[in-house]
Each structure stands twice: as structure tokens, then as C-alpha cells.
Amino acid sequence: MSDARAFPEGFLFGAATAAYQIEGAAFEDGRAASIWDAFSRVPDAVINADNGDVACDHYHRYAGDVQLMKQLGLQTYRFSTSWSRVRPDGGALNPKGVDFYKRLVDELLGAGILPWLTLYHWDLPQALQDRGGWTVRETAERFTEYALDMHDALGDRVDVWTTLNEPWCSSFLSYTAGAHAPGHYSQAEGMLAAHHLLLGHGQTVRELRARDASLNLGITLNLTVADAVDPADPADLDAARRIDGQFNRWFLDPVFRGTYPADIIKDFRDTDAEAVARWQEAVQPGDLDVISTPIDSLGVNYYHGEFVGGTPPEVDPPAGDAPTPRPIGKPFPASENLYWHDRGLSRTNMGWEVQPEGLTRLLERVSDEYAAEAGVALYVTENGASYDDEPVTDAGETRVHDAERVEFVEAHLGAVLDAVDKGVDVRGYFYWSLMDNFEWAWGYAKRFGIVYVDYATQERTIKDSGLAYARVIAQRALEPVVVR
């Protein structure tokens, strides 16, 4: 191991999932419909009309899945609780739903795995959506009540609480672009949803902090590095500014600075002044003080960067959206003269560039401009890749040889170590995802897991990438991995 790079003492290795993507049991034991149950039944919204009714059947197979985690050597497991299971229709507490998460947490603790709980990973109860969803203030209030219910049930055993996963997706991608549930096409709704999501986050952090000052409280944001095609071209630089502002700063600035970025407010007003007026009316005095309530940890989800310019490319790069017949709008309201370009990097089968150095730059930037001054630790809470995995029989054993994913994991773990070497306080890495699962609008057409799932039989097979990750965890160091 002379060439190995050691990870810092206390660095956590984990994997992540989300409730709707793996649990199944969609209408068992009192669970009611979420917006994803409804959206997946909209014609042409999801590839092959797939849905999460069964998914990976984790609701019934959680004990075996925890043993898989233990076999991989995971130190922590990032999962989400289903609001629709715990408080069906956003109403009264459902004891059977709560009991599932009690059993899961007990199983994790019994296996020596730290539970890393996310309260919201996009599965809003449909009944609350029928009353306006995240576009109305009431939903932030109901979210806080649900969060406190979960703390009542698990606060004695769970120390790490994440409020939201990727609020950009559950606001602009969902209410403005129509690509995710509930599938609306409104700039105003996207802006309102983003604000009320952040308000629910801040309220929940305040309430949980008041209950137990020892908790590790945080939020997870999907963030990117926006590069201008030509750094000397003002139009290209402006395109990169707008992506950074709408994707990164619209969420980082309120959480860390108690303000929304003024340049993006102006861009949004130039696009739709009425939408901004509605949003400004919704931002009440004191809201930003609540949203900027101090946190302990920031989860950084990173998959790829953005290479953008102010003029169209000669050849359009691959699109990352699911190719459904249903129309998909633009999730960036200020997108006039904003174009994506190809810089010649390899791509996953999602069409996403493989850009590990972008993760290093992102962690440095977030640390330098936000987290370090606030004393907030960083965790890479999602990072992964989809490739076309096929199981094979190798010497009588089922194997999944996913060399590209092995390279992806190694490269991004190396990028994390590069950031650590530059002084960034990064304390953990969660691969997305533990197992193949329901990939939102892509249905079951894309596989991100380090564990292969045969959806017909629910048989699990650890892929070569999972074996490689397990070796890194066991050695607590990164070295060249030989895939047999």
C-alpha cells in the first residue's frame, strides 16, 4: 500500500437511498399516495409507466439489505423516511408506518451502522399537494409537525437529521420544468416551492435544536460547478453566472447568509415580473432569519459540472432528461441565451459528464465561501453513476463486472482526498446508490447501484464496484483496484 492515500481519521463511508425509490409496499400498513404515486400514473410521465409500488421491496427485505450493508463494511447509511407512510395524507400519525422505521434503525444499530436520516426526499403526500403543495405556507408547517413526530419516535437512537434532499429538484425541476412530481410548469410555483421548502427546513432545525442541542442537523443540496465555454467571453461568463445563481446560490445564500441572490432576483423579474411579485409577497418578515438558522452539516450531492455559453454549440450534447413523450420545460427560468456545450469528457449512460475534478473545486468553493466561516462540516451525500450493468455467470457465480463504475468511484474518492489535502473539512462520502432502484422519470431504465437488483426475483448481487468500495472502506485508503 505504498502508493495508497489514507482517509482522515473519523471519515465516514456510506451509501444512500430514498424511500420511494426502494421501499415498495406503496399502499400497505396505512401508507397513502404521495405525489410520486400520482405522477407515475400520469400518461407518458415515466419511462414504461413504471412506478414505485414494489421497487426493491425494501419494506419487507430491509433486514437482508442491512446485512448487505454490513457485508460491504458501510459505516453509515443515508435513508429517507416516507412522509406518506408516517402521516398518510399529511394527517394523523400512522403507528405502523413509524414502526417500520423503528425496526430499520434497530437493525442498523445492531449491525454497527450509523443511521443518517433524511426527512424529505420528494414524496410529499398527495393530499397536501391537492391543497397547494410546496407553493403554500401550510406545507412548511405540516412538514415541521411530521419531522417532530419522527424525532418523537427515533430521537433516542438517531443523532443525524437532514431536513431536505435537493430542494432545487423538488421546486424548480418539479414545479417549473414539470419533469418531476407534481409536474407543473410555472416559474412562480417553482420560486414559491423553493422558499417554503427552505422555510420548512429552518423551522425544523430550530425545533429539533430546542429539543436536543447535541443533534447533528443539516440539509443536503445538489450543487454544481458552472464553467464558461470561453472565460474571456462576457456572454459565456453570464451563462455560467446564471447557472451558478439559479442552481447553487439560490439555496446556499438563504441557508448561510439569510438572503436571496440579488442578481438572480433581477434575472427572474426580467423573465416574469408577476412571478417575482407573488414570491416577494410570500417571503414574510423573519422568514430568512428562520431559514438561516445555524446548521452543523451540509450534504453536497455532486454528479457532474456544467459547461455553458451564451451561443449555441455546433452539436448539442446529450440530454440528461428522460425521453418521455410528455413535454419537459426548462428548470432555469432565466435561460435566454443559455446553452450547454460538450467538452469531450466521457459520459455515463445518463448522458452526464464524468468530471471528478469538479467535485474538488466545488468542495473548495463551498468551504471557502460558506461552510468554513460558519463552522459547518461538509459531507458528500450523493455521488454516483449509471451504466448498463448486466449480470454474468463467472465460474458458477453471478457477477456484475462494472469497470466503469469502479473507475468512477475511485476517481471521485480521489477528488474528495484532493479537497481534504487543500484543507477542506470533508468528513464523509455516500455513494448513490446502495442498490439499483426506481430512478424517478427514468423508471427502472437506469441503474446506479453498487448492488444489482433483479426486479423480477428481487435477488441482490454485489457488483464489482461494491467489492471495490468495500476494499477501500476496509483499508481506509485509496489505492489501485484490480477487478477480477
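Predicted model: local features only at pLDDT ≥ 70, side-chain atom pairs only at ≥ 80, totals over all residues.

Residues are numbered from 1 along each chain as its sequence is written, and side-chain values use heavy atoms, with hydrogens and water left out.

A nonpolar core is here a set of buried Ala, Val, Leu, Ile, Met, Phe, Trp, Tyr and Cys residues joined through side-chain atoms within 4.5 Å, where buried means under 20% relative accessible area, exposed over 50% and partly exposed in between, with a 1.4 Å probe and protein chains only. The largest such core has 133 residues, and those with the most contacts inside it are Trp36, Tyr120, Trp161, Trp250, Leu298, Leu363 and Tyr469. Its largest share, nine residues, is supplied by helix α10 (residues 234–257); helices (H or I, at least four residues) and strands (E, at least two) are DSSP runs, numbered from the N terminus. Another core, of 17 residues, lies apart from it and includes Ala377, Tyr379, Trp432 and Phe448. If neighbours within four places in sequence are left aside, Trp161 is in contact with residues including Leu117, Met150, His151, Leu208 and Gly218, contact meaning heavy atoms within 4.5 Å.

Among the helix pairs, α3 (residues 58–72) and α5 (residues 95–110) pack at an angle of about 15 degrees with their axes 9 Å apart, which makes α3 roughly parallel to α5. Axes are lines fitted to C-alpha atoms, for helices over the stretch in contact, and angles run from 0 to 180 degrees between N-to-C directions; those under 35 degrees count as roughly parallel, over 145 as roughly antiparallel, 65 to 115 as roughly perpendicular and the rest as oblique. In this pair, His58, Tyr59, Tyr62, Ala63, Val66, Gln67 and Met69 of α3 meet Lys96, Phe100, Arg103, Leu104, Glu107 and Leu108 of α5.

For helix α8 (residues 169–176) and helix α9 (residues 187–211), the axes come within 8 Å and cross at roughly 160 degrees, and α8 and α9 are therefore roughly antiparallel to each other. The residues making this contact include Phe172 and Tyr175 of α8 and Met191 and Leu197 of α9.

Finally, Asp233 sits in the loop between β7 (226–228) and α10, and Asp233 counts as partly exposed because its relative accessibility is 27%. Although Asp233 and Gly310 are 77 residues apart in sequence, their C-alpha atoms are 8.6 Å apart in space.
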